[in-house]
Amino acid sequence: MSEALVEELVGDLSSIRAPRGSTLSARSWQSEAALRMLLNNLDPEVAEHPEALVVYGGSGRAARSHAALREIVRVLLRLGDDETLLVQSGKPVGVFRTHPGAPRVLIANSLLVPAWASWDEFRRLEAEGLTMFGQMTAGSWIYIGTQGILQGTYQTFCAAGEAHFGSPDLSGRTVLTAGLGGMGGAQPLAATMAGAAILCVEVDQRSIDRRLETRYVDEQAATLDDGLSRVREAAAERRPLSVALRGNAADVFPELVARGEVFDLVTDQTAAHDPLTGYIPAEVPFEEAAALRERDPDEYLRLASASIAAHVRAMVEFVRLGCYVFDYGNNLRGEAYRAGVSDAFTYPGFVPAYIRPLFCRGIGPFRWAVLSGDPADIAAIDAELKELFPDDVLLQRWLELAPERVAFQGLPARICWLGYGDRANAGLAINELVRSGAVSAPVVIGRDHLDSGSVASPYRETEAMRDGSDAIADWPILNALLNTAAGATWVSVHHGGGVGIGNSIHAGMVVVADGTEAAAERLERVLTTDPGTGVMRHADAGYDDAIGAARAGGLDLPDGVASCRSSTATWRRSTAVAFLPSQGLSTATRIPRLPATVRTSSPFGAQAPPTRSSWRRAAASSRRPVRRGPPAPCGSRRSSRATVTRCSHTGRRPSRARAGTGSIATRSSRSSRRFASTAACRRGSGRTLCRRSTPTPTRTSTG
């Protein structure tokens, strides 16, 4: 192995580029694939800040240091087919003799003992060079640029349209969001692919420029009035349009609320999961943020917390104005709650609101990249999958639009949401294309960690699970262990991706299709076990869709799994309130669970879609006390009060409010009159509201 080759590949962090073609630098395609995808993560077309090894998500890195990156490359170049490299938070720590069917690389990123899992402790350890933040696909070497979340965002917007407007077509609808970074940058293109007109607020002009260059954003507005005018005009003409506006969401969102501006959908994808490196305080000019962060991180965090609070208060007010508001999994609500916004969890996360029915069937963000670097190989795979899945309407539309609208970043890649059974069929088809020469070099197949069975994240993927198992982290570990046993090419387990340290555990896998019979066997195993754990996890939680998918797919689940729970399970479900992890807070601090009208709504379930009035009722009910409490984590007991179901003033059961209707122009005034005039009691999940009384906080005692 030549040291000159290592220098050529990773000597200059500003110009890293994965090798292309069918010539190997490593000893096999298994290790060559890991090498190329690692380098692809740091390609300037892909990474947000490659010179700092930051791929996306504020501080998500591919390697801990430049020296660690060099050593990883050295090992991958010499790694044998019966050896496995171990990577500890971005640093290679050992090579062990295993066997040809074992993973070539095993990765653990950012993992901390739970009681130590806080941002303060993580940053202390990071400063000492002992760990790094791997995000989700940054430290697991399968990031493919903004396209990696694009189809998932498209699926979410379509599901929201189906739920609220009766159609996945968002033509004539308006969307407001913030954040155009590595993840948020997918929002404008996803919205326009669904037919919407979207206004995107972004504080960093460089991010706006990048999205304009890659055609993810159509236009940039000079002022807020200009941006509103463009979006409103496009919606009136039922014309898809994405407009970027430079500004801080903590300033712009409250201003829009003050004006009474109403949008059909409101969300956000700023990097709020990491307030220190990912969120810019409104009081600090963008150009001065880095200096303040370095000089006085405590003051920076104080200002960021205040801005996040203002940001979320505005989003709650959008609910009251009649907009459909949802969290896009960046822990914005959690950070606002810590900052004192008691009703931050008024609006739901996107998974329980729209995506969970897909997860129940093992459907999630399946992706592949062609190691040849030839876009024609992607086109060949696109054509094959269109023939393979002719009845998947959203997939067919995606495969028609993506070649025209999606610019490749780094190695050509594609993402498609496929489920249990379909992923294995797709993997075998791709392997056959490589074997036959229709695709000119091997293909890596992986996924985002945001998947049905590979993550525990109570603020995002596992929010409001039916059985209350939001924070159970056994599932991603089982997923990683099973994918290792099945023979994935590399497997990773991470902590904190998407929502921040202390808030998630998640796993990733990648498997290589090199056209061989051995690869076909691995592909069939891994692409069955991986989504199968998602179906299993949701079936165990009691979702009928998952139980049906398991039966239809022949998944071997023990009989009576649900009945195997402990005798306290029923009590826990009846009293469950999610605990806020103790990052500087008392362990008794609790996050209110979402009102049932929001929590159980689904475009695919038996519940009727939530109306605008139910979204507003959620905002109102979040101000009232939760009349139930969970056991304290120290083992002491808390009293559990029964939910009040009759009004103490009228003696009547709460009435259901009528669904709100009306055009965008009249919705605000109508909803305000209806909201102000009602005297009926309204009952949320575990709450009873009465306009004739001013409730006082309910206290629980320990015994």
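Some ground rules before the details. Residues are numbered from 1 along each chain as its sequence is written, and side-chain values use heavy atoms, without hydrogens or water. Because the model is predicted, local features need pLDDT of at least 70 and side-chain atom pairs count only at pLDDT 80 or more, while totals for chains, interfaces and linings use all residues.

I start with the rings. Searching the whole structure gives 15 aromatic pairs, where rings of Phe, Tyr and Trp (its six-membered ring) pair if their centres lie within 6.5 Å; planes under 30 degrees apart are stacked, over 60 edge-to-face, and the rest tilted. One of them is Phe326 with Tyr354, which is edge-to-face at 5.2 Å centre to centre and 85° between the planes. Phe326 is in the loop between β11 (324-325) and α13 (332-338), Tyr354 is in helix α14 (residues 350-360), and the two are 28 residues apart. Helices (H or I, at least four residues) and strands (E, at least two) are DSSP runs, numbered from the N terminus.

Phe326 has a relative accessible area of 0% and is therefore buried; the term means under 20%, with exposed over 50% and partly exposed in between (1.4 Å probe, protein chains only). Tyr354, at 1%, is buried too.

Next come Tyr328 and Phe350. Their ring centres are 4.3 Å apart and their planes at 15°, so this pair is stacked. Tyr328 belongs to the loop between β11 and α13 and Phe350 to helix α14, so the pair ties together parts 22 residues apart in sequence. Both Tyr328 and Phe350 are buried. Ring pairs join Phe326, Tyr328, Phe350 and Tyr354 into a cluster.

The charged end of Arg173 is over Phe165, 3.9 Å from the ring centre. Arg232 is over the face of Phe263, at 4.7 Å from the centre of that ring.

Last, the helices. How do α2 and α3 pack, by angle and axis distance? Helix α2 (residues 29-41) meets helix α3 (residues 66-78) at about 155°, with axes 9 Å apart. Axes are lines fitted to C-alpha atoms, for helices over the stretch in contact, with angles from 0 to 180 degrees between N-to-C directions. Contacts (heavy atoms within 4.5 Å) involve Ser31, Ala34, Leu35, Leu38 and Leu39 in α2 and Leu69, Ile72, Val73, Leu76 and Leu77 in α3.

Conventions: Lys NZ or Arg CZ within 6 Å of the ring centre and 35° of its normal.
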